[in-house]
Amino acid sequence: MPKAKGKTRRHKYSYNLNRKRLYRSARRRAAPRIACSHIRHAWDPHKSVAQNLAEMGLAEDPNKAVPIPKKLLGMEVESDGQQPGKKIVRKPYVVNEMELEASLPEKKSNTLSRDLIDYVRYMIQNHGENYKEMARDEKNYYQDTPKQIKRKINVYKNFYPEEYKDFIASLKPEKMEVQ
């Protein structure tokens with residue numbers, strides 16, 4: 001493949017361009033990416049990161065916020081109860097909102113794919129508890145071993161216990177009619 005035309009050409013170095021100033025101003029303009037919406041709304045772009053976090057009551061450096069006690073020859077050093085300069089929290093609502101959001105119960109989003117559910121139901125419906133037969137079934141596209149199929153069925157049982165019980169209960173009358 002031929003090379004691109006512009007790559008081999010030499011570029012002139014501009015001695016009059018102050019690259020330090022360009023870099024510094026570009027760095028100053030770029031705001032930090034903030035994931036938490038509460039912090040994002042309370043953020044003041046004219047202040048430094050340390051000043052913003054101190055106003056919100058958050059720690060910039062966790063190692064300084066919660067220091068590890070030093071031990072001298074197996075004995076702990078006792079502190080005299082003095083705390084170095086406490087900072088004034090001007091925006092306590094940020095921490096309060098974050099704590100409230102963290103205390104909300106997390107919604108479980110554990111679900112199985114529809115394909116896996118259909119596969120497990122088909123296998124149980126046609127073969128019952130015979131895992132070796134299931135492994136030889138033509139619908140076993142991924143050539144799962146009997147243990148892998150058993151594991152998939154157990155996962156289905158754990159995720160949907162009521163649905164599994166109803167499914168098994170619906171299979172029993174069919175088996176009685178066949179006999």
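Leaving aside neighbours within four places in sequence, which residues is His38 in contact with? The partners are Val94, Glu97, Met98 and Glu101. Contact here means heavy atoms within 4.5 Å.

## Ground rules

This is a predicted model, where local features need pLDDT of at least 70 and side-chain atom pairs count only at pLDDT 80 or more, while totals for chains, interfaces and linings use all residues. Residues are numbered from 1 along each chain as its sequence is written, and side-chain values use heavy atoms, with hydrogens and water left out.

## Overall layout

The protein has nine helices and two strands. Helices (H or I, at least four residues) and strands (E, at least two) are DSSP runs, numbered from the N terminus. Along the sequence the pattern reads α-α-α-α-β-β-α-α-α-α-α.

Of the 179 residues in the protein, 18% are buried. Buried means under 20% relative accessible area, exposed means over 50%, and partly exposed lies in between (1.4 Å probe, protein chains only). The protein exposes about 16600 Å². Carbon and sulfur atoms supply 53% of that area. Accessible areas come from the Shrake-Rupley method with a 1.4 Å probe; for residues, only the protein chains shown count as cover. Among contacts with a separation of 6 or more, 51% join residues 24 or more positions apart.

His38 sits in helix α2, which covers residues 37–42. His38 counts as buried, at 16% relative accessibility.

Helix α3 spans residues 49–56. Its buried residues are Asn52, Leu53, Ala54, Glu55 and Met56. What covers them includes α2 and α5. Just after α3 comes Gly57, with a positive phi of about 85 degrees.

How many salt bridges does the protein have? The count comes to six. The rule asks for a side-chain nitrogen of Lys or Arg within 4 Å of a carboxyl oxygen of Asp or Glu.

Glu55 pairs with Arg90 in one of these bridges, with the closest N and O atoms 3.5 Å apart. This pair links distant parts of the chain. Glu55 is in α3, while Arg90 is in the loop between β2 (75–76) and α5 (92–103), 35 residues apart. Arg90 counts as exposed, at 60% relative accessibility.

Glu55 also meets Lys91 in a salt bridge, at 3.6 Å from N to O. Lys91 belongs to the loop between β2 and α5, and Glu55 to helix α3, 36 residues apart. Both Lys91 and Glu55 are buried.

## A bridge between α6 and α9

Arg121 and Glu163 form another salt bridge, where the closest N and O atoms are 3.8 Å apart. Arg121 lies in helix α6 (residues 114–127) and Glu163 in helix α9 (residues 161–178), 42 residues apart. Arg121 is partly exposed, with a relative accessible area of 24%. Glu163 is partly exposed too, at 29% relative accessibility. Elsewhere, salt bridges that share partners join Lys47, Glu55, Arg90 and Lys91 into one network.

## The nonpolar cores

A nonpolar core is a set of buried Ala, Val, Leu, Ile, Met, Phe, Trp, Tyr and Cys residues joined through side-chain atoms within 4.5 Å. The largest one holds 16 residues. Which of them touch the most other members? They are Val120, Ile124, Ile153 and Tyr156. The elements giving two or more residues to this core are α6, α7 (131–136), α8 (146–159) and α9. Helix α6 gives the largest share, six residues.

Beyond its neighbours within four places in sequence, Ile124 is in contact with Met134, Ile153, Tyr164, Phe167, Ile168 and Leu171. A second, separate core has seven residues, including Ile34, Trp43, Leu53 and Met56.

## Asn126 in α6

Asn126 also lies in helix α6. At 42% relative accessibility, Asn126 is partly exposed. The C-alpha atoms of Asn126 and Asp137 are separated by 9.5 Å, and the two residues are eleven residues apart along the chain.
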